[in-house]
Amino acid sequence: MRLLQIRRSLAFNPSSSSSPNHHTNILAAVAAIVLLVAVVLPAEYGVDPTDIGRVLRMTEMGEIKQQLAAEAAADAAAVPASPAQADGADGIATAGAAQPSTPAPAPAPVAAAAPKIDWRAEVPAP
């Protein structure tokens, strides 16, 4: 009789396994929010509401990233569009567009090839 009770308690119960485990979902959501606040916001945007990012040095990385993004935007605004970009769509010059009169830069010199080294097998063939 005892063996039958043990077998029933170990039997697969589909009603309990098919229902979602709400505790696990809540724990995953809380972990995601903690990671967002402690790591992602300081590293990506330089925003550190808890000062954990400062301790982990993530805030500095986010501030540098924001500074580089601002510099890139300023550089993009300062550089005028080239004639090829102004004439064609998506930066492709059209057939009738005037080409710049400056010659193309000379290609960089090719470095000397590396010396050829004979390969030796480390394990001799039998």
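Trainee: What percentage of the residues of the protein count as buried?
Mentor: This is a predicted model, where local features need pLDDT of at least 70, side-chain atom pairs count only at pLDDT 80 or more, and totals for chains, interfaces and linings use all residues. Residues are numbered from 1 along each chain as its sequence is written, and side-chain values use heavy atoms, with hydrogens and water left out. Buried means under 20% relative accessible area, exposed over 50%, and partly exposed in between (1.4 Å probe, protein chains only). Of the 126 residues, the share that counts as buried is 7%.

Trainee: How many helices and strands does the secondary structure come to?
Mentor: Both are DSSP runs numbered from the N terminus: helices are H or I with at least four residues, strands are E with at least two. From the N terminus on, the elements run α-α-α-α-α-α. The total is six helices and zero strands.

Trainee: What share of the contacts with a separation of 6 or more comes from residues 24 or more positions apart?
Mentor: A contact here means heavy atoms within 4.5 Å. Among the contacts with a separation of 6 or more, residues 24 or more positions apart account for 0%.

Trainee: At what angle do helix 3 and helix 5 pack?
Mentor: Two packed helices are described by the angle between their axes and the distance between the axes. Axes are lines fitted to C-alpha atoms, for helices over the stretch in contact, and angles run from 0 to 180 degrees between N-to-C directions. For helix 3 and helix 5 the axes are 5 Å apart, and the angle is about 35°.

Trainee: How many nonpolar, polar and charged residues does that contact of helix 3 with helix 5 have?
Mentor: Helix 3 brings Val39, Pro42, Ala43, Glu44 and Tyr45, while helix 5 brings Met58, Thr59, Met61, Gly62, Lys65 and Gln66. Ala, Val, Leu, Ile, Met, Phe, Trp, Tyr, Cys and Pro count as nonpolar, Asp, Glu, Lys and Arg as charged, and the others, Gly among them, as polar. By class, the contact has six nonpolar, three polar and two charged residues.

Trainee: Which residue forms a salt bridge with Lys65?
Mentor: Side chains of opposite charge can pair when their charged atoms come close. The rule asks for a side-chain nitrogen of Lys or Arg within 4 Å of a carboxyl oxygen of Asp or Glu, and the count comes to two salt bridges. In one of them, the closest N and O atoms are 2.4 Å apart, and the partner of Lys65 is Glu44.

Trainee: How many residues apart in sequence are the parts that this pair ties together?
Mentor: Lys65 is partly exposed at 39% relative accessibility, and Glu44 is partly exposed at 33%. Lys65 lies in helix 5 (residues 58–78) and Glu44 in helix 3 (residues 22–45), so the parts tied together are apart in sequence by 21 residues.

Trainee: Is Arg57 buried or exposed?
Mentor: Arg57 sits in the loop between helix 4 and helix 5, where its phi is near 65°, a positive value in a residue other than glycine. Its side chain meets that of Glu60 in a salt bridge (3.2 Å, N to O). At 57% relative accessibility, Arg57 counts as exposed.

Trainee: Where does Asp51 lie?
Mentor: Asp51 also has a positive phi, of about 65°, although it is not a glycine. With a relative accessible area of 40%, Asp51 is partly exposed. Its place is the loop between helix 3 and helix 4 (52–55).
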